[in-house]
Amino acid sequence: MSAQAAENIYLPKVAILDRVVDDIAEVRTFYWHFEDPAEQATFRQFRPGQFAQVSLFGIGEFPASLPPSPTETETFFTIRQVGSCTAALHRLKPHDKFAVRGPYGNGFPMEEYYGMDLVFVAGGIGLIPLRSCVVYALQHRDKYQRVQIFYGAKTPNELMYLPDLRDWEKSGAIECHLTVDRAADGWSGNVGVVDSLFKRPEGKIPVENAIAFVCGPPIMFRFVIKDLLAMGFPERNIVSTLERYMKCGVGKCGHCCIGVAYVCVDGPVFTYEQIKRLGEDI
Amino acid sequence: MKARILDRSDVLKIVDLLREQEYEVLAPFRGRGRDGYFDAVTDENRDRAQIHEANPYYPPKRFVLPHIEHLFKIRGSNGDLRIEPEYQEPRRAIFGIRSCDVAGIYHLDRFYLGGQFRDVYYEKRRKHLFLVNVVCTQPDSEIGDDCFCICADTGPAAREHFDLQLMDLGDEYMAVAGSPAGEAMFAHSIFRRGSPAHIEKRRAILAQIRKQFKTQTSWFPAAVRYVSQGSILEQTWEEIGKRCLECGGCTYVCPACTCFTVSDRQTGPDEFERVRIWDSCALGGFTRMAGGHNPRKAVHDRRNRRFFRKLAHYFIQRELSMACVGCGRCVAVCHCDVGMPSVVEMIRRATAKMDKLEPMEIS
């Protein structure tokens, strides 16, 4: 590859789809690798919380979070089919080609949280971008104190990464608290919104030395933040990852700006303290 | 900075000199209506190139940031996929670029070439661009009713970021070199040394023309402060939003607007092209995500965004210049008077409402 092309921030690299796994309705996980092994090695330097731009030629490009932890060997995206690009990705079959560029964004500073309790609060597909941090924490389990997950979805069928959640719970390394808005046959767990888990005795959250990762739909975000603040979480110890319509991923196209911040280069990870000061509602 | 004098009749020879140096020269021409436009100089139209012409609606920004930039071609067949970038690296000169637009190009330079990532398409188009700035000195033709470079501190005479600057002194022109390439032009015989009297004359003319500007936006600094602090009332943005027709015209003619969208299109069997196209924060779809959620759906939120991006301290510090250069084009194209000076004025008037909200205890 010429040096000239290497500098081109808009140029995606050819990727090959390995296999596709169904998660929940309209959500699938796509395992893939770059055609060029050198590209694969560079890309694999990503940090939890970063994202990539995924290209479907003739359709367009979209930003996708990176659910794998850098400590895992496989590279994959977990994508819900919502628009034309994601629909095109869902149509791909193993060995089909598409293209990817990245990784982009700041990511979660997982090293800064060494020695702390980790509290993951997610709703629906909000668990996808947090998965990277959860797995990273498992792989570096001795670096962190207590690790808790509070996760909710509308129905049991809409819980993401359920096999992973069961494994994590079984390992004893992570406390998993699940809830659904509406129970279905066979569901013996909690029924209610995510923040209802905080009110249960086993859902007690240590605040003094903890980081809360929050990701989910806007309404859940608002209520969870309110509860966390009421529990005494400092605003700087609540972190989230934001999403916006994006065209470039590199701070040029202007679509993802929230107030002073470009979500693509200044984020997507922000503390609640930063979110409040962006100068625009999220 | 080095300066030289040249005869009035020799000014267009600068265009000839640049063309001899293999530059494609773009200069202002007069359209059939009141509108001027930039076009490439040819042997045929050379004598019709204008020196004193109202600044065209359509800024010269497009010579570094075309409406549609071809990013790359994707060719694929038999399972093989090749991504081939396309670059344009023209040798171009803009003759007659106004000081406001020089500031616009500088703003684009900071934006596209600064920060964490450099934009290679912009970089290549900018690389060989030679700017011949003409100072606006004619109140009748050049200094429009809507011009406010004087408030944006970009004109009437740019202080930097041009290669050559020309100013009409009456019978003669003064040329100022702003770069080594501009200074190299002085080797040609049309340029001659001047006297301190020429410099005096330039200063006197500048002092005179500064008084000719009609649009007042003396509240710019306060507007910048209010916008940065977020202390402008929601009600004020709503009033501004109510006026906006969401046509996107202001962003289209703005020399400092940078936003673009990206689109793919099929250009042949097994061949696609990815292009980037100017986009506008005035349009409803600008922030609409797949699935329909739109965080900036309300018109006034989108107007707020435009003026926040243009005026907030944060961006001024980052780009080292305000994203408004005072060209007045947004004023000229807006159907509903939501150009920059009017918005600054609406912010000024709203301070009376802010007074009412001030908590005060007197007894």
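Among contacts in chain A between residues at least 6 apart in sequence, those joining residues at least 24 apart account for 69%, two residues being in contact if their C-beta atoms, placed from the backbone, lie within 7 Å. The corresponding share in chain B, again among contacts between residues at least 6 apart in sequence, is 71%. The model is predicted, and local features need pLDDT of at least 70, side-chain atom pairs count only at pLDDT 80 or more, and totals for chains, interfaces and linings use all residues. Residues are numbered from 1 along each chain as its sequence is written, while chains are lettered from A and ligands numbered from 1 in the order in which they are written.

Chain A contains eight helices and 15 strands, where helices (H or I, at least four residues) and strands (E, at least two) are DSSP runs numbered from the N terminus. The radius of gyration of chain A, 19 Å, agrees with the value near 19 Å for a compact globule of 282 residues; this radius is taken over C-alpha atoms, and the globule rule is 2.2 Å times the number of residues to the power 0.38. The C-alpha trace of chain A spans about 60 × 45 × 35 Å along its principal axes, and 48% of its 282 residues are buried. A residue is termed buried if 20 or more other C-beta atoms lie within 10 Å of its own, exposed if 12 or fewer, and partly exposed in between, with C-beta atoms placed from the backbone.

Chain A is assigned domain 1 (3–104) and domain 2 (110–241), with bounds that come from an automatic or database domain assignment. Domain 1 of chain A contributes 15 residues to the contact between the two domains, and domain 2 of chain A contributes 14 residues.

The contact between the chains takes 31 residues from chain A and 33 residues from chain B. On the side of chain A that touches chain B, the elements giving two or more residues are β4 (60–65) and β6 (97–104) of chain A.

In chain B, 13 helices and 11 strands are found, and buried residues amount to 44% of its 363 residues. Helix α2 (residues 99–113) of chain B has end C-alpha atoms 21 Å apart, in agreement with the 21 Å that its 15 residues should span at 1.5 Å a residue, the expected span being 1.5 Å times one less than the number of residues. Of the 15 residues of α2(B), 12 are buried, including B:Cys100, B:Ile105 and B:Phe111. The buried residues of α2(B) pack against several elements of chain B, among them β6 (92–97), β7 (129–134) and α11 (313–319).

Strand β8 (residues 164–168) of chain B is mostly covered, with five of its five residues buried. On one side of β8(B) lie the buried residues B:Leu164, B:Leu166 and B:Asp168, and on the other the buried residues B:Gln165 and B:Met167. Strand β8(B) pairs with β7(B) in the parallel sense over three bridges, two strands being paired if DSSP finds at least two bridges between them, and B:Val134 stands opposite B:Leu166 in β8(B). With strand β9 (residues 172–177) of chain B, β8(B) pairs in the antiparallel sense over five bridges, and B:Gln165 stands opposite B:Val176 in β9(B). These two strands, β8(B) and β9(B), form a hairpin with three residues between them, and B:Gly170 in the turn has a positive phi of about 115°.
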